[in-house]
Amino acid sequence: ATGCSSSSDSGASGDKPLIVVITPNPVGVNEFLKLSVEGSKAAAKAQDADVKVYESTDPTSISQNLQAAIDLKPKLIVTISFSFDDLMKTAPVDNPDQQFLQVDSCPENPAKNLTCARFKEYEAVYLAGVEAGLLTKKNAIGAVAALDSPFIHRWTDPFGEGAKSVNPKTTFSPLFVGGNNPFSDPARANAQADTLAQKGVDYVMAAASAGNTGVFQAAKAGGFFAFGVDVNQCGEAPGVVVDNATKRVDVAIENAVKAVFDGKPGGVTEYGLKENGVGLTGLEDDAASSGCVITQHPDVLAKVKEVRDQIVSGKLVVKDPAAA
Amino acid sequence: MATLAPDRPTVAARLRRAGGRAVTGAALPALLASLVVGAIVLLTAGTNPITGYEALVRGVLLDTNLPYLAAAFAPILGMAVSFAIPLRMGEFNLGGDGQLVLGGITAAAVAMAIPSWGLAGFGVAAVAGAAAAALWAALAVPLARYGRVPVIISTLLLGFPAVSFASYLARYPLTDKGTGIPQTPRLPDAMHLPALPVSAYVNLGLVVAVLVLAAYWVVDARTGTGLQLRTLGANLRFGQYVGIDVGRRATGALAASGAVAGLTGALIVAGPPYRFIDGALVTPGYTFTGVTVALIASGRPAGLLAGSVLFTALQVGGTGMERDVGIPRQLTAIIQASVVITFVLIVAVRAYRSRTRAGAR
Amino acid sequence: MNVFTLGFVAAVLIALAPVLLAALGGALCARAGVFNIGLEGQMLLGCFTAVAVSAKTGSALLGVLAAVGAGVLTALVLAIGAIRLRADPIVLAIGTNLLAVGLTGFLLRSVLGTSGTYSSPDLAGLTRLGDTWVGSIPVLGDVFRSSSWIVVLSLLAVPALGFFLARHPAGLRLRGIGENPDAARSLGVRVSRYQQTAILVAGALCGLAGAQLALGNVQLFSEQMTAGRGWVAVVAVMLGRGRPWLVLAACVVFGAAEAFGFRLQGLGLPQQATDAAPYVITLIALLLTSAVSRRNPVPAGGTR
Amino acid sequence: MTEVRVHLAGITKRFGRVVANDDVDLELRAGEVHAVVGENGAGKSTLMSVLYGSARPDAGRIVARGTDVRFDSPRDAIAAGIGMVHQHFQLFESLSVTDNVIYGAEPTRRGLLDRRRARERVGALVEEYGSPLSPTAAVGTLPMGLRQQVEIFKALYRGADVLILDEPTAVLTPAETALLFTSVRRLAAQGTAIVLVTHKLDEVMQVSDRVTVLRQGAVVASMETASTTPAALAQAMTGRDIETATNDEPAVVGSAVLEVTDLRIPAEGTRAAVHCERLEVRAGEIVGIAGVAGNGQSELVQAAVGLRPASGTVRIAGADVSRADVQGRRAAGLAYVPEDRGAVGSARSLSIRDNLVVGHYRTGWLKPAVLRRFAAELMTRHDVRGAGPDASMASLSGGNAQKVVLARELAHRAPLLVAENPTQGVDVGAIEYIHRELLAYRAAGHGVLLVSNELSELIALADRVHVMVDGRFVAAFERDELSEQHLGAAMTNAAGAAAVTAALAPPTEPAGPADPAHAADPAHAADPAGAERSAVVAAAEEEGRADGDARA
Ligand SMILES: Nc1ncnc2c1ncn2[C@@H]1O[C@H](COP(=O)(O)OP(=O)(O)OP(=O)(O)O)[C@@H](O)[C@H]1O
Ligand SMILES: Nc1ncnc2c1ncn2[C@@H]1O[C@H](COP(=O)(O)OP(=O)(O)OP(=O)(O)O)[C@@H](O)[C@H]1O
Ligand SMILES: [Mg+2]
Ligand SMILES: [Mg+2]
């Protein structure tokens, strides 16, 4: 075992085109980044290309990694998250012959050689909220999220709104992990979930990154239910996780890479419910095998499907909390 | 004033133990020893150590990486000096993160208030940042004097609310609306630190950091203040007895320490990406690295310089190594840790030998 | 809202236990005159070992024992380096803390074959006392419902350590060593042996703390999951000046402030305020106690 | 011939190039008091460290009770019946007297401290020797004389029959010294061999049976005390004749350089409150303060120099400095030689140069060359021997360290010099030198406030002496009235002094060699050391063995 999983096929030069993926943080505990890397690898495979993954740790290493990538002159540089907004304003302009892809965010008026893929995860979270609103017996739901930042409010606020839309009596209490290691403090996330349970909350949205497992374990011990994010987390704690607000970053990357390799780069693609870029595990075709609790509530799912259709058709518009 | 540093005798004595020559003499063998440890680590990870080290060196020296070395060097050096100043008088300022962040957010706030003043305006902002951090750090002195809270504890405890406060400011009142990120708006172009010809990352900040070190060097070696600080560090009661105003010196040292940390924060904000981003000053661990460097160097100016270069090189080179040959970050941490451990052990063994050679038990 | 419910007490207890165990280890070292800031790294290695061994063997107890062993092994670096070779314990501890971060991350990949977070149904957690006969005791059963036996042990460790220091010959020697090692040496007491033992015991307690954190508070390992708890323990040791009961008090103030903070966050206070709360409250508590102790000054004759 | 308890044969000990002990022979017999004298740095403490197992000799043998032994640590020496009272007390100030005494050889019951038995045993020892010590008192609250008794009890508790006293009287008052010697003679009468390391030749004459003189690490003379004189001893130690300096020039007094009025320091712990109604030192005179240690002298001095808060007024050279800190008082004209040269008067880890210049160079640029010249000049002028200005302060021997402190303070040429026990622990040659410096300072028209435990020093130097008891001045003597009897009477006869000075006095009979009944009675707790010895030593040995096993 080499223990080198963050970067694969390194050093393979050959004649294959190269894709460099730069993450804003260590991939480590982050499901979203893991999925991004997997998606990039899948996309590369589809295009018969090589992949290198550069993990950044801080703003300086982000720029350093970007510069190193540019020096390598790969076919495509994939940057992930809003941390690259400032850099994606200038780098594509300075390197007009290099193709860039930014996932999950985009600067205003992106350059021609920058392709963007953005997500409306709040739409999926809203649907999760609808499920919680229909399911809650105590009319009290909550959320445990990593940090109190506008971007992360995309996983909390719509949850409450979705619930209230179907059950106006519902109260919503979000808690934020914070502390010294907000994205990887499962014990603290666990304690916060417990706090919510003591307040009488019976459905909790878990958006605490590595802390999610802590929330699920608190739910299991405390007899309440939780929602996962990004990927299907139902298997982590069978019988506890109701559903997941998923974000198909792999799909987005595969589409974008294909577009670039097909010579059709540029533009901003929004991935919402409509584009199947975000969604709920319970609404997927193979939901039955997902292990999620929601599959035992077909009535709720039916109602949620209605709401999804409203959103897809544009009849219902979910507010983006980060835009506020 | 006796409560100013109840831990002093042990701490100061401990630092003194790592005698002067032993430190410089140990640097090279320690580096070699840790490279050996690193090689073993690399081998267990299935990487050829030579490939690994080649990547490490390339990560440092490759011309495109040098600017980043310089970029990370300035804050590490700044934080090392910040910690070293009170260390000279035997006090530990463990609130570096808070002071760094206060300096950064204050500079950003002031700069936002005077957007049209240009670089001079940023000068004002940086001074404001340094002043805010200095005040916060110096608060430890009255807390020690009247509240009997040792400096090492009060600075540590005061650091966290400062970080939270800055985070709050970046999240709410000073936030750059619409970005979804807790960050302040980008500084106007005229306030960006002028880059040296090499790269946007090698800017005036590097010059300022080196000047701060030079100032520390001069004060430490050539002024009465430096002598007084060293005297207090060696023996507080002796210092009081010869008529050194301990309260004043402690206030001065902590304020200077805070000011250097605050200035460092301001300089980071005025470099790319030219704004205060919540967490961006803290997560790289400049403070922690600075503390490590200053402790290894026992606060000696030359040691601060050498230690900062070494640790920056290891960090930047480590990123390069990870990128180029796919050696995971954790291995970089292991190699850095072995540098620290082998270094102190070799210093200790050497000091031990010279003690036994001189006959002391 | 009445926050001081039994549930609140229970929550504080669980959050407190890992910090308290590490802090008691640190206190033992402090009494022996060793400033030990290596708690964080020892705890982290304890977390990892507990999870790895429990996952491989399916036995929580083996996990706990292995964690204790890992804590001791890590502490050995400090014991030998700082006491035998007389290297600077602060720098050495910084080194081992860094080593723990790297090593656990590295082993997570090579031993458990994942990165970030490891959790698995194979992982045997510590038994919750609520599921045992303890659960049926009236009030106590509620308080210890989701605690493990390690939580109880951590509480019992406080009087035990206090008793040891006050009543056991080795405790007396340890206290003397911390106060004046030369005097102890002049009476033929092997100072470095006591100091090394204190460091190793602290390592064992940190390993236990790690096991509680990773198998009790939650059942998983996540990179850097100690999240500064070892440092909080160091602060508690300093606040409590190495006295077990005072250290417990410091831990309780801190833990209660944190749990209280969560509840305030629920009432709409920003997360930043609740992040800062434990530190601010601790500082205020320190200032208040010093004001009180000044009003009743201890006879201070003969201080140096 | 009496039994030889310990024989040090051909001991050589080197520290780097320094030969601290050079082929030293020392024989300690049961029942004798054996004085070891020599200049600062002659190797006395080193020899005692060898005897007590805390230093390993490079060559030579230790023979205890006729068999060769090897001391790897004090543990071995303790097991061989050797006890040591260190020059710098080795006590745990926060612990009680009992805990200090039993430390390392604790009585246990079922593995735990047997506090009751410990209290009983220590209580018995204390009672047996008629000491006023309270076994439960924290050692940190005790005056020096009582702390020393704790040190002696530590040795007796362990059953020591060889007792090393390294400069035991340096911190004691005459009364305490007298009582110590009574106890010493009594212990000797019971068969203990006692080694007395001292700089005070009159004490050698007064209490010892034999005396060994060390010079530069080697034995230069060893004889019956009765067959020698102080002058001969001094000659043997230093290789020259020592003249004592006395204040025989008439005072030419000027204006007041120190005026203390109505100064009050509140009581603290066991210390009495201090109230000084009036104290004046004029230019051109030496004013002495005598008193039993712990009667407020050091508090008064600390308040006068600004190191301790107090009410009342203090004027230095005419300026009111009552509210000023040390720096302000020094600026007004104060120089100060503190009692504790190690903890207060110097910084051991700094260089000799830094120790000399600090306080002289406060502001502006420091040029290393200037500093070194300043330091080198002072070192030459005051004959500081040892290393150069860049060596660390810690490398100097006690006498030379004192010279550095004195040199720095005298160099201020301040109108007022406050000196506390300036000759404590320094050898006869250095004492003579320091006395001359103080007299020269006076002759130059400065004022000196001299606080001393050494009555002879005050009598030799002072123009006027105030006697302090319980924080108050109880008497004052002009130069022509100064005598040991007058001062001693004023110091001890005043109420309140007795409790502090009652020291290790035999409870009933006066001490003396002839006390056979007492010594021989096996049922009586007369020989608590002996009675307890087996148990305690067995415990200690047990421990040693356990440790040894653990190591193996
Ligand atoms: N640990 C040591 N390391 C180096 N040199 C030492 C050490 N201990 C003693 N010396 C040197 O050995 C010599 C003898 O010292 P020692 O302490 O035995 O003298 P002393 O007779 O006790 O002096 P004093 O009267 O000042 O107490 C001195 O020159 C001293 O500097
Ligand atoms: N590391 C060292 N290097 C050189 N000399 C040393 C060292 N340690 C101790 N010494 C010397 O050993 C001697 C014994 O030390 P000690 O503390 O007994 O002082 P001292 O000479 O007895 O002085 P004092 O009477 O003031 O206590 C001193 O001369 C001291 O300077
Ligand atoms: Mg000596
Ligand atoms: Mg001496």
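The legends below describe close-up views of a predicted model.

**View 1. Ligand 1 and the residues of its shell in chain D.**
The shell around ligand 1 holds 14 residues, and the closest of them are D:Asn40, D:Gly41, D:Lys44, D:Ser45 and D:Thr46. By class, these shell residues comprise 4 nonpolar, 7 polar and 3 charged. Two elements of chain D, strand 2 (18-29) and helix 1 (44-51), each contribute at least two residues to the shell of ligand 1. Helix 1 of chain D contributes the most, with 3 residues.

**View 2. Polar side-chain atoms at the oxygen atoms of ligand 1.**
D:Thr46 places a polar side-chain atom 2.5 Å from an oxygen atom of ligand 1. For D:Ser45, a polar side-chain atom is 2.7 Å from an oxygen atom of the ligand. An N or O atom in the side chain of D:His199 is 2.9 Å from an oxygen atom of ligand 1. On its own, ligand 1 exposes 630 Å², of which the protein buries 71%.

**View 3. Ligand 2 and the residues around it in chain D.**
A polar side-chain atom of D:Arg341 is 2.2 Å from an oxygen atom of ligand 2. The backbone also takes part: a polar backbone atom of D:Leu396 is 2.3 Å from an oxygen atom of ligand 2, and a backbone N or O atom of D:Ala394 lies 3.4 Å from an oxygen atom of the ligand. Ligand 2 has 600 Å² of accessible area on its own, and the protein covers 55% of it.

**View 4. The interface of chain A and chain B.**
The contact involves 33 residues from chain A and 29 residues from chain B. Between them the two chains bury about 2600 Å², with 52% of this area on carbon and sulfur atoms. On the side of chain A, the residues that lose the most area to chain B are A:Thr60, A:Gln64 and A:Asp86, which together account for 21% of what that side buries.

**View 5. Polar links and contributing elements between chain A and chain B.**
Chain A and chain B share 2 salt bridges. One salt bridge joins B:Arg275 to A:Asp86, with the closest N and O atoms 2.8 Å apart. There are 6 residue pairs in polar contact between chain A and chain B, both residues being at pLDDT 80 or more. In chain A, strand 2 (50-55), helix 2 (59-72) and helix 3 (85-94) each supply at least two residues of the side that touches chain B. Helix 2 of chain A gives the most to this side, with 9 residues. The residues on the side of chain A that touches chain B split into 12 nonpolar, 14 polar and 7 charged.

**View 6. The interface of chain C and chain B.**
Of the 5 pairs of chains that touch, chains B and C have the most contacts. Here 41 residues of chain C contact 47 residues of chain B. The area that chain C and chain B bury between them is about 4000 Å², and 76% of it is on carbon and sulfur atoms. In chain C, the most area is lost to chain B by C:Arg86, C:Gln272 and C:Tyr279, together 16% of what that side buries.

**View 7. Polar links and contributing helices between chain C and chain B.**
The number of salt bridges between chain C and chain B is 0, and 3 residue pairs are in polar contact across the interface, both residues being at pLDDT 80 or more. Helix 3 (60-84), helix 4 (89-110), helix 10 (229-239) and helix 12 (271-295) of chain C each provide at least two residues of the side that touches chain B. Helix 4 of chain C provides the largest share, 15 residues. By class, the side of chain C that touches chain B has 24 nonpolar, 9 polar and 8 charged residues.

**View 8. Chain A and chain D.**
These two chains do not touch. The nearest C-alpha atoms of chain A and chain D are 38 Å apart.

Note on methods
Residues numbered from 1 in each chain as written. Chains lettered and ligands numbered in written order. Predicted model: local features only at pLDDT ≥ 70, side-chain atom pairs only at ≥ 80, totals over all residues. Heavy atoms only, no water. Near = heavy atom within 4 Å. Polar contact = N/O pair within 3.5 Å; in protein donor to acceptor, adjacent residues only side chain to side chain. Areas by Shrake-Rupley, 256 points an atom, 1.4 Å probe, with all protein chains shown as cover. Helix = DSSP H or I, 4+ residues; strand = E, 2+ residues; numbered from the N terminus. Nonpolar A, V, L, I, M, F, W, Y, C, P; charged D, E, K, R; others polar. Contact = heavy atoms within 4.5 Å. Buried area = accessible area lost by both parts, 1.4 Å probe. Salt bridge = Lys/Arg side-chain N within 4 Å of Asp/Glu carboxyl O.
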